[in-house]
Amino acid sequence: QVQVVESGGGLVQAGESLRLSCAASGDIYNINRMGWYRQAPGKQRELVATITSGGSTNYPNSVKGRFTISRDNAKNTVYLQMNSLKPEDTAVYYCNAKVIRSTGQWYDYWGQGTQVTVSS
């Protein structure tokens, strides 16, 4: 089994920063891509940032220049540094890990989500 656990959400004011962390553990042979997604009330889940094991990153325009994703491959951990937060960043943030288990099969794992609330 594989567990994915996020931490670091909270309530901040507009313009402030937060750092989210996500650690994957369990039956992991390798993790290719890790990423963050978010879902606001009444909206679909959307991409926030992804990073490959080689360090290639991807961001949508809505967060580019404000958010930075990074990872520690040795710890199977990914981070999301969020600066200049806006009220529209308010959402539940989910971590995703594309894991190769010891069987050699790929699995997609999600964390339970962490709430980020930005007040104006």
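These legends accompany close-up views of a predicted model.

**Figure 1. A salt bridge joins D27 and R101.**
The search of the whole structure finds five salt bridges. In the pair shown here, the side chains of D27 and R101 meet with N and O 3.0 Å apart. D27 sits in the loop between β3 (18-26) and β4 (30-39), and R101 sits in the loop between β9 (91-100) and β10 (106-110), so the contact ties together parts 74 residues apart in sequence. D27 is partly exposed, because its relative accessibility is 22%. R101 counts as buried, at 17% relative accessibility.

**Figure 2. D89 and R38 form a salt bridge.**
The closest N and O atoms of D89 and R38 are 2.9 Å apart. D89 belongs to the loop between β8 (77-82) and β9, while R38 belongs to strand β4, so this pair ties together parts 51 residues apart in sequence. Both D89 and R38 are buried. The view also takes in E46 and R66, which are linked with R38 and D89 in a network of salt bridges.

**Figure 3. D108 and K98 meet in a salt bridge between two strands.**
The N to O distance for D108 and K98 is 2.9 Å. D108 lies in strand β10 and K98 in strand β9, so the pair ties together parts 10 residues apart in sequence. D108 is partly exposed, with a relative accessibility of 42%. Side chains of opposite charge can pair when their charged atoms come close.

**Figure 4. The largest nonpolar core holds 31 residues.**
W36, L80, M82 and Y93 have the most contacts inside this core. At least two core residues come from each of β1 (2-7), β3, β4, β5 (46-52), β7 (67-72), β8, β9 and β11 (114-119). Strand β9 gives the largest share, five residues. In soluble globular proteins, nonpolar side chains tend to be buried together.

**Figure 5. The surroundings of L80.**
Neighbours within four places in sequence are left aside here. Which residues is L80 then in contact with? They are L18, R19, L20, W36, V48, A49, F67, T68, I69 and Y93. W36 and Y93 are also, like L80, among the residues with the most contacts inside the largest nonpolar core.

**Figure 6. T50 is buried in strand β5.**
T50 is found in strand β5. Is T50 buried or exposed? It is buried, because its relative accessible area is 7%, and the cut-off for buried is under 20%. Neighbours within four places in sequence again aside, T50 is in contact with R33, M34, G35, Y37, S56, T57, N58 and I69.

**Figure 7. Strand β3 pairs with β1 and with β8.**
β1 and β3 run antiparallel and are joined by six bridges. Q3 has S25 in β3 as its bridge partner. β3 and β8 also run antiparallel, again with six bridges. Here A23 stands opposite T77 in β8.

**Figure 8. Y37 and W110 form an edge-to-face aromatic pair.**
A pair of aromatic rings is described by the distance of the centres and the angle of the planes. How many aromatic pairs are counted? The count is two. In this one, the ring centres of Y37 and W110 are 5.1 Å apart, with 65 degrees between the planes. Y37 lies in strand β4 and W110 in strand β10, so the pair ties together parts 73 residues apart in sequence. Y37 is buried, with a relative accessible area of 16%. W110 is partly exposed, at 35% relative accessibility.

**Figure 9. Y107 and Y109 form a tilted ring pair.**
The ring centres of Y107 and Y109 are 6.1 Å apart. Their planes stand at 35 degrees, so the pair is tilted. Y107 counts as partly exposed, at 32% relative accessibility. Y109 counts as buried, at 13% relative accessibility.

**Figure 10. R19 and R45 each lie over an aromatic ring.**
R19 lies over the face of Y79, 4.2 Å from the ring centre. The charged end of R45 sits over the ring of W110, at 4.7 Å from its centre. W110 also takes part in the edge-to-face pair with Y37. R19 is also one of the residues in contact with L80.

Key: Residues are numbered from 1 along each chain as its sequence is written. This is a predicted model: local features need pLDDT of at least 70, side-chain atom pairs count only at pLDDT 80 or more; totals for chains, interfaces and linings use all residues. Side-chain values use heavy atoms; hydrogens and water are left out. A salt bridge is a side-chain nitrogen of Lys or Arg within 4 Å of a carboxyl oxygen of Asp or Glu. Helices (H or I, at least four residues) and strands (E, at least two) are DSSP runs, numbered from the N terminus. Buried means under 20% relative accessible area, exposed over 50%, partly exposed in between (1.4 Å probe, protein chains only). A nonpolar core is a set of buried Ala, Val, Leu, Ile, Met, Phe, Trp, Tyr and Cys residues joined through side-chain atoms within 4.5 Å. Contact means heavy atoms within 4.5 Å. Two strands pair if DSSP finds at least two bridges between them. Rings of Phe, Tyr and Trp (its six-membered ring) pair if their centres lie within 6.5 Å; planes under 30 degrees apart count as stacked, over 60 as edge-to-face and the rest as tilted. A charge sits over a ring if NZ of Lys or CZ of Arg is within 6 Å of the ring centre and within 35 degrees of the ring normal.
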